[in-house]
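Subject: Structure handover

Hello,

Here is the structure I said I would pass on. My notes on it follow below.

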Amino acid sequence: MPSTINFGIDLGTSNSLIAKYSNGTVEVFKNPNGFKETLPSVVGFRNDRILIGDQARTYLQRDPKSVASRFKRKMGTTETFKIKAIAASKTPVELSALILKELKSFVHTGENFEDVVITIPASFDTVQSNATKEAGALAGFKNVILLQEPIAASLAFANKDKGADLKNSQWLVYDLGGGTFDVALVRIIEGELTVIDHEGDNFLGGSDFDAAIIEKLLVPELQKRGRFADLLAQMHSDSGKYNKLWHTLLPLAEAAKVELSTKTSAEIDLGTVSDLKDDDGNSIDSIITLSRSEFEQVIRDPVETTIDRMKRILTRNAIEPRDLKFILVVGGSTFIPYVRKRVEELMGIPVNAGIDPTNAICIGAAYYAGTKLKQVIRTTSPVASKLIVRASFSKVSQDSEETFTAKIEGDVTDLSYRITSGDGSFDSGLKTLASRIVEDLPLRQAAFNEFHLKVFDKQGSPVPIDLGPIQIAQGKYSVVGQMLPDDLSLVKDDLVAKDTRLELLFRKNGVLPAEAKKVVEVSKTIVLGSDDSIRIMVVEGPATRHSSTNKPIGVLSISGKQISKDLFKGTEIDLTFDMSESRDLTVSAFLNGTGQQFSQVFTPKQREVSPQLLASEILHLEEKVQAEFDDATATGDERTAAELGKVLNGVQDLIGMAADLSQDDVTDKKYQLEDRKRKLAQDVHELTSGKRLSMVRVAYEEAKRETADLVMKSGNDREKHQFAEIVSREKSFVNSNSPDKIQIVVDELFRIGFGILMRTPDFLKNIFASLVDRRASMNDEVLASQLIDSGKRAVASDDVEALRTINGRLINLLPAADQASDEMRAFTGII
Amino acid sequence: MSDRLGLLAMSGKSLIPKYLLQLLNNLFEIERKLIIQGDPANALRNVGRIKEALEQEGLFYEDPMGQDFAETRTDVEASITGSSTDNLKIVEVIKPIIRAGVPSNSLVIQKGIVVVQTKSEGAI
């Protein structure tokens, strides 16, 4: 149980952060919605909700009467913020408390902490400092320790650069943030970091630079390109013609500003703005290039002001720049190279930018918190009785919104609630809890929607309730009200395994209607006019199994007689699968090779079974069972062999029966045979899964050993990372009961290994040598000789690239059987 | 949820490499430009193929243009143009919403950046 405070908060004017010290490192927490470390210090009141952070910031300019910001600078004063929406006033302390409570929710470690370090500006006096402590108390913190921001920044630096010798030194901390500027002189007095003097400007920061870019650079440029009567005014005014353009340009200007920190020019691309026209309705060129020097001109004056302030501190304290150890820079705007350059030039001493300027103060606060002991004695607080929530909502909906209502039983005094969605798209904001609550929850179409209801007490601490996640499935269901009973997959050839494999199209329990798209490659050339065909087969059943064990839904066959020209191996087919609410499946295929489109609809009532396909499937199955039977017998697994023997007999019976079926059989016989075949295939699958599982586990261990070796000797960083990633996941697939899952990993390892080998000169040379041995059997003697000569030269000069290419071409000259191109074995014709 | 989505849910966006987000953002811009300016060579088909490849990896984007905006909506960062704050809808999309997972079960990875305006004034 840690006895140190550990938690530090940077309660900023524009943005706030929270971090925790733990075992020598600091973690800055992220907002679970949006994953940003910074929380805008903005609170909004709208429609009975309290919005905090980004949500509130949206309304800052347009609804200034109900959205409060920059309240930090009013702490300790009697000024309040009149909030129109609630017809009441809020003090800066109350508003800051709301920010603190929100920051608490970033902490994902599940702990309830009552001690915290909060930073304050060096300029804060006793009254302002006390106000900060009060805000902490309102937010449920029983013990608040204050820390001055320049000291926090210095601590972050001292902990980062542990070798720094700061004894007897003094330095400046230069903090240029989003909306404020502060500079402080810090010195070590009797071993303690102390702020000696400070200066600041409450209205100078990075956001001013963004506006300056638009006003001083973009507007003049736009005015050169088109006719604008009054561009800037029209941009600034709420009802102005170009107000939307102003808002569109702000994030782009900010992005350009950031880019100019690392590049000497940046582009603003307005090509996606649909209506970029001037007053006369003419379109204007949408790319504007900004140069770093232009940008520097624009920010020159504000930056000079900051330098002046620094000089003032030095003069006041009779210090020369050379008396300072360095200037520590913090605040996002210090990323701008010009800012650092000017500071260095005018001060004549180095700028220390070794710490992350955006979260340095928060990190420093956390380090400090790691040295302070907790003071709060753990009193066993009465366990808050769980509130009983009787919720009412539909678990299934076809609308775009679902009304959630709940009756709350228990004492709801001073409690508030909040509903958020699991995917980060909805947040109701904080609302007052009553005995009955109603909230409209927006639903994502054709999707699984999950929401969470949380209740908080006055201090923002969670109150337990007995309600699990609110789950609502949106989508249209069939008239019968069924979802997909099982996975639906596409059957493709697996040429290496000389078999077929399944590729998932629609998942079991999926919501209908649904659409899936796939692009496949033709695995064997279909000659115009031939009887050869490719088969686009869809089957129903677990996607981890095999086409033979699953139920056929439909087959779209495209034969040589239907195509308009030869369909070459390797060309692509765009497939679309449309599943209607009533489970009718439409399969469409666009052949890129011939430009033709084929399509067919399969209804669930009418199962397609082609006797010809059935017969070949049964033969295929027979071979498989025979092989497994032989194998079981050979390894002495008598029981499995016996069971497989029975299955084999069953399959052989089927062969006879299938042979009796005529091509256009209209009786139910083919369905019966198909059912029996499937059942037998499932039996084989069950019987051999154990064996396949242990075999593939062994294969994995082997592959892991071999690949580890290769990766260690000759792997590049990416391969090392991929390999480590696979091994870290080991437990999850090795212990699963799915041989296919493990096989996928074995294939992945093989690919990594093969990739490495293909770069290894010795490996390529060996392949070359074995190909040379087989030159006699090659198809084109003359070409083979030429290639072999080039190959020998490549071997002599260690030309890996050339050798790889030559090997490939020699392989192509080998007789067809050796190429392992199993065109004859292709079952579906697509891969 | 697939394994990948579970991992993402726990550690947030830090698992999605920045270059993939940049790729998706630029793909969105390419798509928008082709739609606005015309597409004589059917480059949209290739854009569609790239989107599919990424969707297979569990990454996709959405264009919220024209959709309603409410203060409770947190999958976009919005700024308001015009004078009213009621009945807002999205009139400009600067960055799309990027989600991870499958369309029927996903997590917001990048909030869209949009401009919103009240329905009664301005562009439809």
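In what order do the 4 strands of the open sheet in chain A stand? The model is a predicted one, and in it the order is S29-S28-S31-S32, with antiparallel pairing. Strand S29 (499-506) and strand S32 (551-559) of chain A are at the edges; each has a single partner strand, so one side of each has no neighbour in the sheet. On average, neighbouring strands here are turned by 30° against each other, direction ignored.

Strand S31 (residues 533-540) of chain A pairs with S32(A) over 8 bridges, in the antiparallel sense. Within this pair, Ile536(A) lies opposite Leu556(A) of S32(A). Helix H11 (residues 611-634) of chain A packs on the sheet and touches S29, S31 and S32 of chain A. The direction of H11(A) makes about 75° with that of S31(A).

The other topic is the interface between the chains. Here 44 residues of chain B are in contact with 46 residues of chain A. About 3,900 Å² is buried between chain B and chain A, and carbon and sulfur atoms give 47% of that area. The two chains are joined by 10 salt bridges. The side chains of Glu62(B) and Arg444(A) form a salt bridge at 2.7 Å, N to O. Polar contacts across the interface come to 29 residue pairs.

On the side of chain B that touches chain A, several elements give two or more residues, among them helix H3 (43-56) and strand S4 (88-95) of chain B. H2(B) gives the most, with 5 residues. The residues of this side divide into 14 nonpolar, 14 polar and 16 charged.

Regards

Key: Residues numbered from 1 in each chain as written. Chains lettered and ligands numbered in written order. Predicted model: local features only at pLDDT ≥ 70, side-chain atom pairs only at ≥ 80, totals over all residues. Heavy atoms only, no water. Contact = heavy atoms within 4.5 Å. Buried area = accessible area lost by both parts, 1.4 Å probe. Salt bridge = Lys/Arg side-chain N within 4 Å of Asp/Glu carboxyl O. Polar contact = N/O pair within 3.5 Å; in protein donor to acceptor, adjacent residues only side chain to side chain. Nonpolar A, V, L, I, M, F, W, Y, C, P; charged D, E, K, R; others polar. Pairing = 2+ DSSP bridges. Axes fitted to C-alpha atoms, helices over the stretch in contact; angles between N-to-C directions.
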